[in-house]
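Let's take a walk through this fold together.

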Amino acid sequence: MTRRSPQSTELDQLRRLVQERTADLQRVKAEYDNYRKRVRRDRLAVREIAAANVVRALLPVLEAVDRACAHEPLTPGLKDISDSLKEQLGSLGVTSFGGVGDQFDPACHDALTHHIAQADGLVCSAVLRPGYRLGENLLRPATVEVTGPAPPSSSAPAPEYGARGSSARTDKPRLPVVRT
């Protein structure tokens, strides 16, 4: 049997201690790297939300300028304002959508009316108010009229508006049922 000298035992303990400290340091470094990435991602998200809020607040101004351009004689000042506003919003990544003939998508269109016609699918037949996106984020859906086939009739009767079921709350007044 070989005996270890006190120096080799001490050296082994020091090596083990160095390995533990190195592992601890690597763990702390990985946690810090993850923290930096998370902070960077959160800052970008806050920046996107702030930009979306500002642009959303400017949409009525853009529409007012568009209405003025459509109904008033186009003066050089009004044209400059319109062009500048559209250019600046475009540079931020704002795009408008919603055109006659587009396929209806309930995720980005609000349909106010549905005209029944023979067609393969629902199509936007009139745009009442354009929709806007900031990059991939929807700022406001387009308000449209839709033309297409009638919705399929369901064999199960639809619940009446205002009808009370066994789980209905009793503290609200009963609403009238409207049938058309």
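**Starting from V55**

Leaving aside residues up to four places away in sequence, V55 is in touch with L89, L92, V94 and L139. Keep in mind as we go that this is a predicted model.

Which core does V55 belong to? V55 sits in the largest nonpolar core, a set of eleven residues: A52, V55, L59, L62, V65, L85, L89, V94, Y132, L134 and L139. Helix α1, helix α2 (76-91) and strand β4 each supply at least two residues of this core, and α1 gives the most, with five residues. Another core, of six residues, lies apart from this one, with C108, A142, V144 and V146 among its members. In soluble globular proteins, nonpolar side chains tend to be buried together.

Now step back to the whole chain. The protein chain has two helices and six strands, and reading along the sequence you get α-α-β-β-β-β-β-β. Buried residues make up 16% of its 180 residues. If you take the contacts with a separation of 6 or more, 58% of them come from residues 24 or more positions apart.

Strands β1, β4 and β5 form an open sheet in the order β1-β4-β5, with antiparallel pairing. Its edge strands are β1 (94-97) and β5 (137-140), each of which pairs on one side only. On average, neighbouring strands here are turned by 35° against each other, direction ignored. Helix α1, residues 6-71, lies across β1, β4 and β5 and runs at about 40° to β5.

Look at how β4 and β5 are joined. Three bridges link β4 (residues 131-134) to β5, and the two run antiparallel. Y132 stands opposite R140 in β5, and Y132 is also one of the residues of the largest core. In the loop between β4 and β5 you'll find E136. Is E136 buried or exposed? E136 counts as exposed because its relative accessibility is 75%, and the cut-off for exposed is over 50%. From E136 to T95 is 41 residues in sequence, but 9.6 Å in space, C-alpha to C-alpha.

There is a second sheet to look at. Three strands form this open sheet in the order β2-β6-β3, and here the pairing is mixed. Its edge strands are β2 (109-116) and β3, each pairing on one side only. The twist averages 25° from one strand to the next. Five bridges join β3 to β6 (residues 142-148), which run antiparallel, and R129 stands opposite T143 in β6. In general, strands of a sheet pair through backbone hydrogen bonds, either parallel or antiparallel.

Finally, have a look at the largest pocket. Its volume is about 230 Å³. Which residues lie nearest its centre? Of the 14 residues that line this pocket, L62, D66, K86, S96 and Y132 lie nearest the centre. Helices α1 and α2 and strands β1 and β3 (123-129) each supply at least two residues of the lining, with α1 giving the most, four residues. L62 and Y132 link this pocket back to where we began: both are listed in the largest nonpolar core, and both are among the residues nearest the pocket's centre.

Key: Residues numbered from 1 in each chain as written. Predicted model: local features only at pLDDT ≥ 70, side-chain atom pairs only at ≥ 80, totals over all residues. Heavy atoms only, no water. Pairing = 2+ DSSP bridges. Axes fitted to C-alpha atoms, helices over the stretch in contact; angles between N-to-C directions. Contact = heavy atoms within 4.5 Å. Buried < 20%, exposed > 50% of the residue type's maximum accessible area, 1.4 Å probe, protein only. Core = buried A, V, L, I, M, F, W, Y, C linked by side-chain atoms within 4.5 Å. 1 Å grid on protein atoms, 1.4 Å probe; cavity = no way out; pocket = protein on both sides within 12 Å on 5 of 7 lines; lining within 4 Å. Points joined across faces, edges and corners; volume = space filled by probe spheres on them.
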